[in-house]
Structures are given as C-alpha cells and as structure tokens.
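Thanks for coming. I will go through one model this morning, strand by strand and then helix by helix.

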Amino acid sequence: MDRTEQLRRWLEATLGGSDFSIAPTSDDASFRRYFRIRRGKGQPSLVAMDAPPAKENCQTFVRVAGLFAAAGVHVPAILSQDLKQGFLLLSDLGDTTYLDALDERNAGRLYGQALEALVQIQLASRPGMLPDYDKALLERELRLFPDWYVARQLERELNAPQCETLEKTFSILLENNLAQARVFVHRDYHSRNLMVSEPCPGILDFQDAVYGPVTYDLVSLLRDAYVAWEEERVIDWAIRYWERARKARLPVAGDFAEFYRDFEWMGAQRQLKVLGIFARLFYRDGKDGYLKNQPPVMHYLRRTCERYNDLAALARLLDEFDSTERRVGYTF
C-alpha cells in the first residue's frame with residue numbers, strides 16, 4: 001500500500017467516514033507532504049501531514065507546536081496524530097503565504113506582524129526545551145557550501161589557499177554566532193512559512209526549531225531567499241525589531257551598530273548554508289526549483305563580505321568563483 005492510500009485510510013478512521021476530498025497543497029524541501037482535506041458544506045478545511053517515519057519525525061513538530069502555541073503565536077492546532085505511521089491532522093491556516101501576498105502596500109503591516117510574533121516566540125525561550133544550535137551544528141551547515149555548492153554545483157576543487165580562506169572565515173563567523181545571546185529559533189522564519197491568516201501571521205514548518213543565536217530568525221525574515229527588499233527598508237525593519245526587542249528586555253546588543261553586525265554575520269552563516277542546501281536539493285534530491293533562488297542569496301553574502309574587513313578574503317574567493325557561477329549555477 002502506498003503512502004497516499006495509507007493516509008486516506010487513516011483519515012477515514014479519524015474522520016469517521018470517507019466523505020471528504022484530499023488534494024496536495026504545497027511543495028516542501030523535505031520528505032514531508034501536505035494535503036488539504038475538504039469535507040461537507042459548512043465544515044472548515046483541514047490539513048494532513050504525511051511525514052514518513054524513516055525520514056521525518058512528527059514528534060518534533062508536535063513538541064514545537066506546543067511551545068510556540070504557549071508563546072501566544074498562531075500555529076496549526078493538532079487535531080489528531082499517529083506518530084507511528086507519521087500522520088498528523090492539523091487546522092488549516094489557509095493557502096496565502098507572505099510570498100503570495102507581499103506588495104508595496106501591505107509590506108509594512110505584514111512585516112510588523114511577523115516581527116511582533118518573533119518577539120513573542122523569543123520571549124518564551126527557555127534553555128533545555130529545544131536542541132542547542134551549537135558549534136557542531138552551525139559548522140556542519142557551513143560545510144554544505146564547499147561540499148555541495150563548490151564541489152558539486154560549480155565542479156571546483158579548492159586549492160590550499162582557498163581552503164585556508166574558508167576555514168578562517170568559518171572560524172570568524174562561528175565565533176560571532178556563538179557569542180550571541182540565545183533564544184528559541186524557528187530556523188526558517190521567512191515568506192514561504194508565514195501565512196496571511198487571522199491572527200496574522202500563521203506560522204508553519206517549525207519542526208527543526210533550536211535554541212540559538214538571537215539574530216538568526218530576523219536574518220531568515222529580512223534576508224529572504226524568495227523575496228528581496230531594498231537595503232534601506234531592511235535596515236528600517238531591523239531597527240523596528242531591535243527597538244521592540246529592547247523594550248521587551250530580550251538579550252540583544254544595546255548598540256544598534258553592534259546588533260546589525262551580528263545580524264549580518266549570522267546572515268553570512270545562513271547564506272553559505274542555503275547556497276549548499278539549494279545545490280543539494282537539486283543534485284541529490286532532483287528538486288531544481290530552488291536553484292533560481294541562489295542569486296539573491298549570493299547577493300546578500302557578497303554585500304556583507306564587502307562591508308567587513310574580516311570577511312574580505314571570502315569576498316575575493318567568491319570573485320574567483322564568479323565565472324563558474326555564471327556558467328553553472330545561474331543558467332536555470
């Protein structure tokens with residue numbers, strides 16, 4: 001029996017009958033799949049998650065959903081669960097993502113709501129509740145860049161000086177990232193995982209949440225691989241978050257220039273990781289839709305490296321890759 005039929009039978013038992021329709025909703029970068037369940041007239045639609053136990057862990061989704069709901073933000077309610085089979089039945093937060101809805105007229109309101117929700121999540125933070133975003137995990141993510149973006153996508157073999165540049169840059173970034181205060185981190189707090197809903201935003205895809213650097217989710221939101229804004233607007237939203245965070249007594253730097261440097265250096269870690277992940281999604285998993293989102297990520301990374309002397313060597317290394325990037329990476 002395939003997974004779809006297995007899910008249908010579970011839904012029939014859970015809902016007490018077969019009077020419903022089931023249709024795929026959004027694509028996902030993981031092995032999870034989502035289906036919208038429509039029932040009789042007047043009944044709200046639902047969402048079923050299919051997370052194969054050999055590949056995914058529904059229990060982490062359930063746990064983080066509880067933590068975030070307790071923080072007062074809008075996440076799907078878990079209506080039924082079968083962790084052994086890897087099925088969850090969830091309330092439906094709708095089908096309009098921030099990515100679908102954002103425009104010049106509503107961006108200020110939607111980002112303001114997202115920043116407020118982020119502060120709420122961070123205020124609920126407690127150590128020991130989520131896995132630590134520790135040095136080992138941060139460094140493992142950085143290794144995706146040479147392993148998948150450079151070696152696999154660009155088909156480049158790094159020479160000794162280039163390897164040394166990467167190692168020194170990784171060390172500089174990790175030192176900064178690990179020195180930042182720690183809070184709950186969604187880890188993919190961006191326009192594809194925030195829904196226009198009531199209350200707004202609805203928050204999805206939080207099952208990989210960790211306890212880590214305070215600037216991480218702000219970087220995910222404002223240096224988004226899927227939607228980009230002019231630098232002045234990003235700085236304005238960063239200031240608005242920083243002011244909210246200080247008022248809420250969150251552990252952000254007291255000087256905005258220091259906070260923004262932390263934000264940018266955390267961003268460099270994330271951008272190196274994301275370039276590697278998007279390459280891996282194509283070359284390992286056959287998902288080519290993410291390659292078109294590499295250019296804005298590289299743009300963010302280059303801009304940051306050009307602004308800081310400690311990251312200038314990485315900027316030069318990226319320039320060395322430039323002709324290969326144009327030939328291989330950006331032809332989709």
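Ile37 has Leu46 in S3 as its bridge partner. Strands S2 and S3 pair in the antiparallel sense, over five bridges. A word on terms: two strands count as paired if DSSP finds at least two bridges between them. The strands (E, at least two residues) and helices (H or I, at least four) are DSSP runs, numbered from the N terminus.

Before going on, the provenance. This is a predicted model, where local features need pLDDT of at least 70 and side-chain atom pairs count only at pLDDT 80 or more, while totals for chains, interfaces and linings use all residues. Residues are numbered from 1 along each chain as its sequence is written, and side-chain values use heavy atoms, with hydrogens and water left out.

Back to S3. Strand S3, residues 46-50, also pairs with strand S5, residues 87-91, in the antiparallel sense over five bridges. Within that pairing, Ala48 has Leu89 as its bridge partner in S5, and Val47 stands opposite Leu90.

Where does this put S3 in the sheet? The open sheet has five strands in the order S1-S2-S3-S5-S4, with antiparallel pairing. Its edge strands, each pairing on one side only, are S1 (21-24) and S4 (78-82). From one strand to the next, the twist averages 25°.

In a regular strand, side chains alternate between the two faces of the sheet. For S3, both faces are covered: Leu46, Ala48 and Asp50 are buried on one side, and Val47 and Met49 on the other. Buried here means under 20% relative accessible area, with exposed being over 50% and partly exposed in between, using a 1.4 Å probe and protein chains only. Five of the five residues of S3 are buried, so the strand is largely enclosed by the rest of the structure.

Helix H1 (residues 3-15) lies across S1, S2 (33-38), S3, S4 and S5, and runs at about 55° to S5. Helix H2 (residues 58-71) lies across S3, S4 and S5, at about 30° to S5. Axes are lines fitted to C-alpha atoms, for helices over the stretch in contact, and angles run from 0 to 180 degrees between N-to-C directions. Contact means heavy atoms within 4.5 Å.

Now the helix pairs. Helix H5 (residues 135-142) and H6 have axes that come within 5 Å and cross at roughly 10°. They are therefore roughly parallel to each other; that label covers angles under 35 degrees, with over 145 roughly antiparallel, 65 to 115 roughly perpendicular and the rest oblique. Arg140, Glu141 and Leu142 of H5 make the contact with Leu144, Phe145 and Pro146 of H6.

Helix H6 (residues 144-153) also packs against helix H10 (residues 256-283), at an angle of about 50° and with the axes 7 Å apart. H6 and H10 are therefore oblique to each other. Among the residues that meet are Trp148 and Tyr149 in H6, and Leu272 and Ile277 in H10.

Is it buried or exposed? Arg187 is buried, with a relative accessible area of 16%. It sits in the loop between strand S6 (182-185) and strand S7 (194-195). Leaving out residues up to four places away in sequence, Arg187 touches Glu141, Asp208, Asp217 and Lys273, among others.

That is the end of my tour.
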